[in-house]
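Hi everyone, thanks for making time. I'd like to walk you through one structure, so please have the viewer open.

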Amino acid sequence: MTTASPAKGTALPWSGLLALSTAAFTAVLTELLPAGLLPRMAPALGVSEARVGFLVTGYAVASFLAAIPVTAALRGLPRRPVLIGTLLGFACADAVVALSSSYAVTFGARLLAGVMGGTMWAMLAGYAARMVPVERRGRAIAVVLAGITLALSLGIPAGTALADAIGWRTAFGTLTGLALLVVVWIRRRVPAFPGELPGARVPLRRVAVLPGLPAVLSVTLFLLLGHQVMYTYVAPFTAHTGYGRTDVVLLVFGAATVVGIWATGALVDRWARPTLLGALTLIVTVMCVLALCAHSPAVLLTSVAVWGVAFGGAPTLIQTALVNASGPQHADVATSLQTTVYNAGIAGGSFTGGLALSGWGAGALPWTALPLVATALTVVVLGRHAFPTAPDAGPPTTPRSNTPLQDRPAIPPPPAPTPSASA
């Protein structure tokens with residue numbers, strides 16, 4: 001089954017994009033909600049709060065391990081059934097968590113949810129890119145990724161409050177219902193796209209070295225390393241400054257990320273490179289300010305707000321660059337690589353920040369984050385091909401008989417024929 005390419009100049013398919021955004025919202029809630037429910041879940045499962053925390057760790061590890069192999073195995077299947085399958089997996093996993101009194105069964109359900117998460121994150125940006133003309137690709141991706149920001153800034157606090165009011169099992173049951181609702185929404189409003197034909201599948205190793213892709217993955221890694229050094233240990237750093245109100249700092253950061261993703265959505269399709277350079281420059285500047293003069297509450301909160309605005313837009317900008325480098329037809333595989341790198345950055349940044357905190361104290365955290373984010377900025381400055389000012393149609397394609405343009409390989413299999421005009 002195929003669909004026609006979106007017409008240039010048409011309006012954004014808001015209902016379909018919002019369905020994908022809600023899918024992202026559901027995935028983030030499923031992943032992180034246990035972190036806010038440790039005291040409630042631990043007695044019910046008969047384990048310590050630390051072991052309940054491992055439910056989040058298990059999800060992340062499963063997502064990290066599954067993203068590339070599962071995406072590669074499923075790349076030939078029609079896209080919409082795969083996406084619906086991941087949501088049904090979330091619904092099943094959340095239902096098991098809501099009903100189970102066994103820690104082992106609950107942990108197994110969380111591993112299943114992690115596999116679904118790794119598969120879904122590899123699909124969402126590429127799906128959004130195929131639903132719109134190239135000049136609106138960045139805005140479409142911003143709409144979908146807004147679901148992540150809303151989940152972090154509003155969904156997790158709301159889910160925790162819901163669990164306080166009606167119980168943590170009911171909260172997970174509500175997540176089950178939300179996942180099923182999104183399944184119906186996607187079935188009705190998200191277009192169907194075919195998988196890759198066997199002869200059109202570019203090997204994973206060749207997708208990984210497409211021009212521009214290594215640079216995009218490098219920026220992803222170093223930005224997440226630097227960000228997590230600070231964000232993971234924001235509580236001890238806030239205490240180090242003498243302010244001590246971690247809840248206020250996190251609220252300011254969360255609200256600012258919403259502003260950042262909104263601003264990025266307005267700028268990304270025309271000014272992608274300057275916007276990314278500006279965002280990374282702001283984060284570098286914030287790390288300097290936090291290192292030198294964060295003992296003033298006004299300076300601390302202002303810096304955190306600027307950090308939130310800059311970081312809120314960065315994932316959309318980097319994801320758009322990734323899709324442009326790979327082409328929408330190979331975005332699922334490229335995004336699976338980025339998902340793995342993203343999780344590696346989170347884990348590596350948290351570990352590095354812990355070493356800095358233990359060895360030199362909280363005051364060393366911004367100094368530790370600074371060179372990592374500066375490296376990401378340097379890669380963007382030097383990588384004009386990977387991070388152009390505005391997106392183009394992606395890498396050139398090679399015609400194949402009876403194959404729709406959007407499903408042709410971004411690089412031809414050897415021996416390489418003469419490339420044709422871009423699709």
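What pattern does the protein follow when read along the sequence? The answer is α-α-α-α-α-α-α-α-α-α-α-α-α-α. In total, the secondary structure comes to 14 helices and zero strands. Helices here are DSSP runs of H or I with at least four residues, strands are E runs of at least two, and both are numbered from the N terminus.

A quick word on where the values come from. This is a predicted model, where local features need pLDDT of at least 70 and side-chain atom pairs count only at pLDDT 80 or more, while totals for chains, interfaces and linings use all residues. Residues are numbered from 1 along each chain as its sequence is written, and side-chain values use heavy atoms, with hydrogens and water left out.

Now the overall picture. The protein has 423 residues, and 54% of them are buried. Buried means under 20% relative accessible area, exposed means over 50%, and partly exposed is in between, with a 1.4 Å probe and protein chains only. The accessible surface comes to about 16800 Å², and 71% of that belongs to carbon and sulfur atoms; the areas come from the Shrake-Rupley method with a 1.4 Å probe, and for residues only the protein chains shown count as cover. Of the contacts with a separation of 6 or more, 85% are between residues 24 or more positions apart, a contact being heavy atoms within 4.5 Å.

Let's zoom in on the aromatics. How many aromatic pairs does the structure hold? There are six. Rings of Phe, Tyr and Trp (its six-membered ring) pair if their centres lie within 6.5 Å; planes under 30 degrees apart count as stacked, over 60 as edge-to-face and the rest as tilted.

One of these pairs is Y231 with W307, edge-to-face at 6.5 Å centre to centre and 80° between the planes. Y231 sits in helix α9 (residues 213–231) and W307 in helix α12 (residues 297–326), so this pair ties together parts that are 76 residues apart in sequence. Y231 is partly exposed at 33% relative accessible area, whereas W307 is buried at 2%. W307 also pairs with F253: their ring centres are 4.9 Å apart and the planes meet at 65°, so this pair is edge-to-face too. Here the link runs from F253 in helix α11 to W307 in helix α12, 54 residues apart. F253 counts as buried, at 7% relative accessibility. Put together, Y231, F253 and W307 form one aromatic cluster.

Staying with helix α11, which spans residues 246–293, let's look at T257. Is T257 buried or exposed? With 9% relative accessibility, T257 counts as buried. Leaving aside residues up to four places away in sequence, T257 touches T149, G308, V309 and G312.

Helix α11 also holds T281, which is partly exposed at 36% relative accessibility.

Two last stops. R51 lies over the face of Y103, 4.4 Å from the ring centre; for this, CZ of Arg or NZ of Lys has to be within 6 Å of the ring centre and within 35 degrees of the ring normal. Finally, V61 in helix α3 (residues 49–74) is partly exposed at 43% relative accessible area.
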